[in-house]
Amino acid sequence: MDQHSNTIGIAREATLGELAAMIGGQVIGDASLRIFGAAPLYEVVSGQITLVDGVGQSLEGNAETGFAASAFVTGAARTDSPHPQIIASDPRGAFAQIVEYFLPAVAPHSVGIASGAHVHASAQLGEGCVIESGVNIGRCVQIGQRCHIMPGVVVMDHSRIGDDCVLFPNVTLYERTQLGNRVLIHSGTVLGAYGFGYRQHQGQHIRTAQLGNVVIEDDVELGAGVTIDRGTYGSTRIGTGTKIDNQVMIGHNCQIGQHNLLCSQVGIAGSCSTGNYVVLAGQVGLKDHIHLGDGAIVGAQAGVMEDLPGGQVYLGSPATTQREQMQIMAVQRRLPEMRRSLKHLERSLANTASKDTAAGERAA
């Protein structure tokens, strides 16, 4: 296998057999075929390998070029194609390995503190950290080993960061924020801003206490533009293994459980809590002081107005069980027909009443 260094302008290549050996797959076709790149089916070109992982998935590829790939990775042998293929038990994982070979991650800057970074003398950094230019690290900050802090990141006083964390550009950690190990935070995320809490005094909105912090446990990933407010007196907490998508807002005092999945544009008001393995689809909203049980799944754009037990799927606004929402939707689809029936019934009753009136007048 051609082991070129990861340098812009130097291409990598490998034979189909070498790629199969790398992923533990089996070649059907010419194992000596040379491959120069990898791309998804809709943009692959000749000389590259692609992924065909769906049962019965079309091999037509791009509508203009047809199936342009020189080979493909799949989970089971395809007899409807003459192209060479690699059979893998986990085709998606295997294809990811191949893509990473052709497009390896850009290596970080040299270990150490860049000349353009500002690190307070009282801060403590573990071995193997990369602190890039433009980073600002405050007083008494503790950073574990092998962390990568990218340009524009601000880590305010008395914050703690565990081992093997990655903070992408322009992340902001307010004072006393705590990150566990292997936390990954994407650009523009803000942890520990003041919660949206006010009391009215003499006709003015006065900010309530904002004395807490944010705690992010191990193996959490936060997307771009996420905002998590500090607790009023204690901690707003994100549990181990939870993954949060871009542009999610989590209010003060929330306690998010372990291994949750929060999709884009979810909004969670203050003092809410979730169990473990909860899923909130895109644009779900929770009013304050709501609790969701373990394994609850809330569908896109649902509005949660009361506590929801775990182990069920919820839809709609206000959110109810999937079964109840299906019944509501079935009735809603019949509304035009029901309206026509009601109009017909009203006309029939009006005609009957008119005839009765006329008959009464004749009798008189």
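The model is predicted, so local features need pLDDT of at least 70 and side-chain atom pairs count only at pLDDT 80 or more, while totals for chains, interfaces and linings use all residues. Residues are numbered from 1 along each chain as its sequence is written, and side-chain values use heavy atoms, with hydrogens and water left out.

**Stop 1: β24 and its partners**

Display strand β24, residues 213-216. Strands here are DSSP runs of E with at least two residues, helices are runs of H or I with at least four residues, and both are numbered from the N terminus. Strand β19 (residues 178-179) pairs with β24 in the parallel sense over two bridges; two strands pair if DSSP finds at least two bridges between them. Within β27, S235 is the bridge partner of N213.

Now show the side chains of β24. N213 and V215 point one way, V214 and I216 point the other way, and all are buried. Buried means under 20% relative accessible area, exposed over 50%, and partly exposed in between (1.4 Å probe, protein chains only).

Move to T177, in the loop between β18 (172-173) and β19. T177 is buried, with a relative accessible area of 0%. Leaving aside neighbours within four places in sequence, T177 is in contact (heavy atoms within 4.5 Å) with S159, R160, L191, G192 and V214.

**Stop 2: the five-stranded sheet**

Select β2, β7, β6, β5 and β4, which form an open sheet in the order β2-β7-β6-β5-β4 with mixed pairing. β2 (26-28) and β4 stand at the edges, each with a single partner strand, so one side of each is left without a neighbour in the sheet.

Strand β4 (residues 37-38) pairs with β5 in the parallel sense over two bridges, and A38 stands opposite I49 in β5. Strand β5 (residues 48-51) directs Q48 and T50 one way and I49 and L51 the other way, and all are buried. β5 also pairs with strand β6 (residues 71-74), in the parallel sense over three bridges. Select T50 to find its bridge partner in β6, F72. In turn, β6 and strand β7 (residues 85-87) pair in the parallel sense over three bridges, and the bridge partner of F72 in β7 is Q85.

**Stop 3: helices across the sheet**

Angles run from 0 to 180 degrees between N-to-C directions, and axes are lines fitted to C-alpha atoms, for helices over the stretch in contact. Helix α2 (residues 91-102) lies across β4, β5 and β6, running at about 150° to β5.

Centre on A88, found in the loop between β7 and α2. A88 counts as buried at 5% relative accessibility. Apart from neighbours within four places in sequence, A88 is in contact with I23, V73, T74, G75 and A94. For a distance across the model, select A88 and S273: they are 185 residues apart in sequence and 41 Å apart in space, C-alpha to C-alpha.

**Stop 4: helix α4**

Finish at L335, in helix α4 (residues 335-363). L335 is partly exposed, with a relative accessible area of 45%.
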